[in-house]
Amino acid sequence: MKIEQYKIDQHNDSLLSRHNNQFIFLKEQLGEQGINANDIIKELEAFQVAIPSWALGTGGTRFGRFSGGGEPRSLEEKVEDVGLLHALNRSSGSISLHIPWDIPQQAESIISLASSLDLKFDAVNSNTFQDQKDQQLSYKFGSLSHVDASVRKQAVEHNIEVIKYGKDLGSKALSIWLSDGSCFPGQSNFVRAFQNTLESLQEIYAALPADWKVFVEYKAYEPNFYSTVIQDWGSSLLFCQKLGPKADVLVDLGHHLPNANIEQIVATLMMEGRLAGFHFNDSKYGDDDLTVGSIRPYMLFLIFVELVEGMKRAGNGSESYAWMIDASHNVKDPLEDLLQSVEAILISYAQALLVDRKKLEQARIQNDVVSAQQILQNAFRTDVRPLVRESLRLSGGSLDPIGLFRNLKVRNELMNERGKVTVATGL
Ligand code: PSV
Ligand code: MN
């Protein structure tokens, strides 16, 4: 299924006068504060969030999985689903593949399908956290860190194969999330596990094409519950520093111990020029993989405040980082959930762009804690949705992506096309 532009335009026409009223009102209010709404809209238009190929079907937990029907049955259908999202919000212009869940059999035809939908291929992800059918050696006790050199070799070769798939598709980065670790005290020698991992990563690093990066993603725990080799941003940064300039740290919002100050982590990584990008999601307890901004929107805003600050300092823009949604959709329609997530990201970004940084710095220098808090909260409490809508409209997207998705009965269409009981590959 494809959403034709005229349907988006027709829907927008029906919403335009209400939108214009809200937008003009906000634009004037911001103007009085010396903020140019058009500058913010330009930044929003440029912001692109990758969609992972594994998030287009129903997720589920280890207790069950409740499919909603019409799920993509192949990589082609996954690309088509991302095409639907991108047509609606013009902010989801790339797809990130997990190998071997989604192996591009014929790179050329998948590239041409993607480009017909105005999509690119984002970072490719390797998988050494599961055993695949016919796999020679098991990853039960680790992969890149394994005590047995032949298991490490197999895991290194898998990563090099993933780079090859990515090269064929025009990707420019390999994302590595390592589940290696231990479940019980005494099971693993921490130092040896680190050194084995470093050696393995060095081999993968040596296989990177000249214009590629490797993203090293950390996670505090799960599936290992006593220790994880790359457990936090510090370990991840240490690996990256030892590897070289093509290695950067990938932050997944769900991968921290409770109450970690993620915005401070972001500030530090950006100060060092080692932030690769983000896996966005939200959580209440652990790595819950919920819709972005659904539980802790203020935290998301504070992270964006640091991101904006870091980009200003580095003199670069949002296109210099890899933004991706890494969520799981257990009770919602995955496509609606992804639309909500992208909207939450754009809202937080817009709010962060409102922050008066000169005044904030002044308040800090004067130890005026009250003003500093107020400057942030004023921005956070501004309803910036008209700015987000205007940016979607100007880039050819819908003023109300979820409304139009429902209006056009997209899920019913997909169920008619694909069937009610389809299961997407992935977790
Ligand atoms: C692990 O929890 C993770 O965040 C990694 O990014 C994986 O590649 C992804 O989820 C998919 O399961
Ligand atoms: Mn992740």
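In α13, the buried residues are Pro386, Leu387, Val388, Arg389, Glu390, Ser391, Leu392 and Arg393. Buried means 20 or more other C-beta atoms within 10 Å of a residue's own, with C-beta atoms placed from the backbone; exposed means 12 or fewer, partly exposed in between. Helices are DSSP runs (H or I, at least four residues), numbered from the N terminus. This is a predicted model: local features need pLDDT of at least 70 and side-chain atom pairs pLDDT 80 or more, while totals for chains, interfaces and linings use all residues. Residues are numbered from 1 along each chain as its sequence is written, and chains are lettered from A and ligands numbered from 1 in the order written.

Helix α13 spans residues 385-394 and is mostly covered. Its cover includes α1 (5-32), α2 (37-46), α3 (75-89) and α10. After α13 comes Gly396, with a positive phi near 95 degrees.

Next, the core. The largest nonpolar core has 109 residues. Such a core is a set of buried Ala, Val, Leu, Ile, Met, Phe, Trp, Tyr and Cys residues joined through C-beta atoms within 7 Å. Val214, Val216, Val249 and Ala350 have the most contacts inside this core. Helix α10 (residues 334-354) gives the largest share, 12 residues.

Ala352 is found in α10. Ala352 counts as buried because it has 24 C-beta neighbours inside 10 Å. Beyond four places in sequence, Ala352 touches Phe301, Phe304, Val305, Leu307 and Val308. Contact means C-beta atoms, placed from the backbone, within 7 Å.

Around ligand 1 are 10 residues; Asn125, Trp177, Glu217, Asp252 and Asp326 come nearest. Near means a C-beta atom, placed from the backbone, within 6 Å.

Note on methods:
Helix = DSSP H or I, 4+ residues; strand = E, 2+ residues; numbered from the N terminus. Contact = placed C-beta atoms within 7 Å.
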